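Subject: Structure for you to look at

Hello,

Here is the structure I promised to pass on. Please open it alongside this note.

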Amino acid sequence: MPIEGLGQIDQVYDGSGLKIGIVHARWNDKVINALVEGAQSQLKKMGVKSENIEIMSVPGSYELPFGTKTLAKAASFDAIISIGVLIKGSTMHFEYIADAVSHGLMRLQEELNIPVIFGLLTCLTELQAEERAGITENGHNHGVDWGSAAVEMATKWNNARK
């Protein structure tokens, strides 16, 4: 028996009154640009006004937690999407960065008391990253999912605080 509330979302969320931040790394810019565009496009599709989407870049994924915190403290946001791409290489660098960024972004949700959407791709190959950015023929742009998640979580969080 399915558990109510899990699976596909049938509810439509209105983002017209929301302010959403996007912080993105600059490494792997081909993939990053597609993911940021996907998130922006979906935010607008869900009613978030262009002037209520603020975008900031940081050098790499390791800087995402600090950039997210800095953006959150600069203005009042309903949610922030943190976007980065890590592609496994031949050293342990990938594991250290993935772990640090994951824990850092998770902690920020509690500290900032707003939804921080986890937009960190951790891929084994460049092709996997391109697939997850919707660049390949059979790919899907996860930035779209992160835009949807930001509007849903911000709406639910704002309603819960009322």
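Below is what was found in it.

This is a predicted model: local features need pLDDT of at least 70, side-chain atom pairs count only at pLDDT 80 or more, and totals for chains, interfaces and linings use all residues. Residues are numbered from 1 along each chain as its sequence is written, and side-chain values use heavy atoms, without hydrogens and water.

The sheet. Four strands form an open sheet in the order β2-β1-β3-β4, with parallel pairing. Strands are DSSP runs of E, at least two residues, and helices are runs of H or I, at least four; both are numbered from the N terminus. Pairing requires at least two DSSP bridges between two strands. Twist averages 15 degrees from one strand to the next. Strand β3 (residues 79–87) is joined to β4 by eight bridges. There, L86 has T122 in β4 as its bridge partner.

The helices. α2 (residues 64–74) lies across β1 (20–25), β2, β3 and β4, at about 155 degrees to β1. Angles run from 0 to 180 degrees between N-to-C directions of axes fitted to C-alpha atoms, for helices over the stretch in contact (heavy atoms within 4.5 Å). α5 (residues 142–161) lies across β1, β3 and β4, at about 155 degrees to β4.

Which residues of α2 are buried? They are L64, P65, G67, T68, L71 and A72 (under 20% relative accessible area, 1.4 Å probe, protein chains only; exposed is over 50%). Because they cover an arc of only 165 degrees around the axis, they sit on the same side of α2. The arc is taken from the directions from helix axis to C-beta atoms. On the other side of α2, F66, K73 and A74 are exposed. The cover over the buried residues of α2 includes β1, β2, β3, α3 (93–112) and β4.

Best wishes
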